Amino acid sequence: MWYLRKLARPIGALLLTSLAAGLLTAIDVSVAGAALPGETKEQMDRRMAWWREGKFGMFIHWGLYAIPAGEWKGKKVSGIGEWIMHRGNIPVEEYAPLQKQFNPVKFNAQQWVDIAKRAGMKYIVITSKHHDGFCLFDSKLTDYDVMGSPFRRDILKELADECHQQGIRICWYHSIMDWYQPDAKGANFPKYAQHMRGQLKELLTNYGKIGVLWFDGEWINEWTEEQGRQLEQYIRGLQPDLIVNNRVGKRKRSPGDFGTPEQTIPATGMPGWDWETCMTMNNTWGFKKDDHNWKSTEDIIRKLVDIVSKGGNFLLNVGPTAEGLIPQPSVDRLDAVGKWLDINGASIYGTSASAFSRLSWGRCTQKPGVLYLHVFQWPADGQLVVPGLQNKVRKAYLLADADRKELETARADDNLVVTVPAKAPDPIDTVVVLEIEGEPKIVQPAVAQVPGKPVTLHARDAYTHGETIRYESGGGKDNIGFWTDPKDWVHWVLRINRPGTFEVEMVYACPNVSGGSQYVLEVAGQQLPGKVDGTGSWTQFETHKLGTLKLSEDRHALSVKAKNLVGEGVMNLQSIVLIPIK
Ligand code: FHN
């Protein structure tokens, strides 16, 4: 057989023996698994509770790729480190012998779990097997595992035992795509699928309670959503409380329990479902000796807060070295994040998404009766404006203040104003706590007209609707952008203090090639249609007259919706100006 020649290793013989001995039939029967009965919302809530509460996990990408660490035969290989076999066009027979060099003598499970715990992480997801097929656990179904390396210790067993000991959830990453197993491609894929299920059975029966099965590599043509559904039922049959990510299928809402945006934070979260952003601390998942592009502690903390404020979890990656050490720059940052969480953890763990659609100075997380205001940009005048909050505030104080010294609050128009210290106690993120009466009641603060004057609705004051459309600034932009989905739309709330007729002007930019999309502006039951004219580029803004409207003295919602999308984006919308004409 082709792979016996190609691979020149015992794996082929093992597979043949297994098939001959009917292991396939045995696995076939065991992996069929009964369909799990439908799960009620309450049951799913109970199953997901620890994960939703925990918010913050450690991703570990570790394997043979840590040995070359981004370099092969003296040449640097670009891209993420764990893809070196693919990016470096390394044949499996040249790559697989790395197994005989794998000897991470400095690996210490307790040390790793201590680092995660100090960082405030509540779960660990480690690569049981990445795309290269090498298994960090003792598998009876392949020799291409850690027991066939000089290290000869079951790394996942040591890590799982330590996690169980320290009360951190242990979770497995497992790649469906496999560059090593000969059947993992083409017509023989069903055989590989049985092999994979057999390994998942090992991973879910030999290591105690597992928190999450984090699948990956699901994009291959051989893998289907239906197989994903069956696999999810099978593995949850082995551990009914198991949580499974959406890459068991095809990264959609189901199968799987949560969405997995990668290296990005969805602009408005993923409303209505559980989700987790996974992210590297530098530019690579697997260790690369020359990747020193570490994110700052400030960036990491603010990303954690941003994600949690949008209802998500944060899975932050470390890529250990071939010796078994988590790189010191990672450890330093994790220690700093942990110190911040020691003080501010109440504003993260067990919280739910912000009650506000947007805050110009930071983020918000909440618990029943409590709002945690995460202030990134401290108000120079000591007046923190909380837009649109209508609730009575029982008490306001700094979360870091053990004495909970009260902060003064006052109302101003639609807003609440909190008087805060002149200097930010924590320049990265100072948390102001508002204990409020009842459920958060927030009106969208209006842009108020100075009587008789034009009203300018700036992009920064708009409310966006959709997953991609968003406010963007910098580089000549101060506009609603990323309007790439015509279903997305935007609205403002304005207060007219002198009724009358208004001339409406729109300020936008759009490359000529993308011009032509049609839209409609709507307010107070009146509509003004328009078509986007090319202005030359995404940053060449021009003013376009739309027509006139009559507006009463009141709060109004003014929306702009696209009717179609001609080019790459509808437009970059900078502002709308309402000019009183009589
Ligand atoms: O190809 C993998 C990649 O190596 C890494 O494991 C990331 C982490 O989520 N997942 C895949 C790319 O989406």
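Helix α7, spanning residues 109–118, has Ala-109, Trp-112, Val-113, Ile-115 and Ala-116 as its buried residues. Viewed down the axis of α7, these buried residues fall within an arc of 155°, so they line one face of the helix. The model is predicted.

**Surroundings of α7**

- The elements against which the buried residues of α7 pack are β1 (56–60), β4 (123–129), α8 (155–166) and α12 (328–344).
- At the start of the helix, the backbone nitrogen of Gln-110 has a side-chain oxygen of Asn-108 within 2.9 Å.
- Just after α7, Gly-120 adopts a positive phi of about 85°.

**Crossing of α7 and α8**

- Two packed helices are described by the angle between their axes and the distance between the axes.
- The axes of α7 and α8 cross at roughly 45° and come within 9 Å, which makes α7 oblique to α8.
- The crossing of α7 and α8 is right-handed.
- On the α7 side, the contact is made by Ala-109, Gln-110, Trp-112, Val-113, Asp-114 and Lys-117; on the α8 side, Glu-158, Leu-159, Glu-162, Cys-163 and Gln-166 take part.

**Site of His-491**

- His-491 lies in strand β23, residues 489–495.
- With a relative accessible area of 8%, His-491 is buried, because buried means under 20%.
- The side chains of His-491 and Gln-444 are joined by a polar contact of 2.5 Å.
- Neighbours within four places in sequence aside, His-491 is in contact with Gln-444, Ala-462, Tyr-463, His-465, Ala-557, Leu-558 and Ser-559.

Conventions. Residues numbered from 1 in each chain as written. Predicted model: local features only at pLDDT ≥ 70, side-chain atom pairs only at ≥ 80, totals over all residues. Heavy atoms only, no water. Buried < 20%, exposed > 50% of the residue type's maximum accessible area, 1.4 Å probe, protein only. Helix = DSSP H or I, 4+ residues; strand = E, 2+ residues; numbered from the N terminus. Arc of directions from axis to C-beta. Contact = heavy atoms within 4.5 Å. Polar contact = N/O pair within 3.5 Å; in protein donor to acceptor, adjacent residues only side chain to side chain. Axes fitted to C-alpha atoms, helices over the stretch in contact; angles between N-to-C directions. Parallel < 35°, antiparallel > 145°, perpendicular 65-115°, else oblique. Left-handed = near helix turned anticlockwise from the far one by under 90°.
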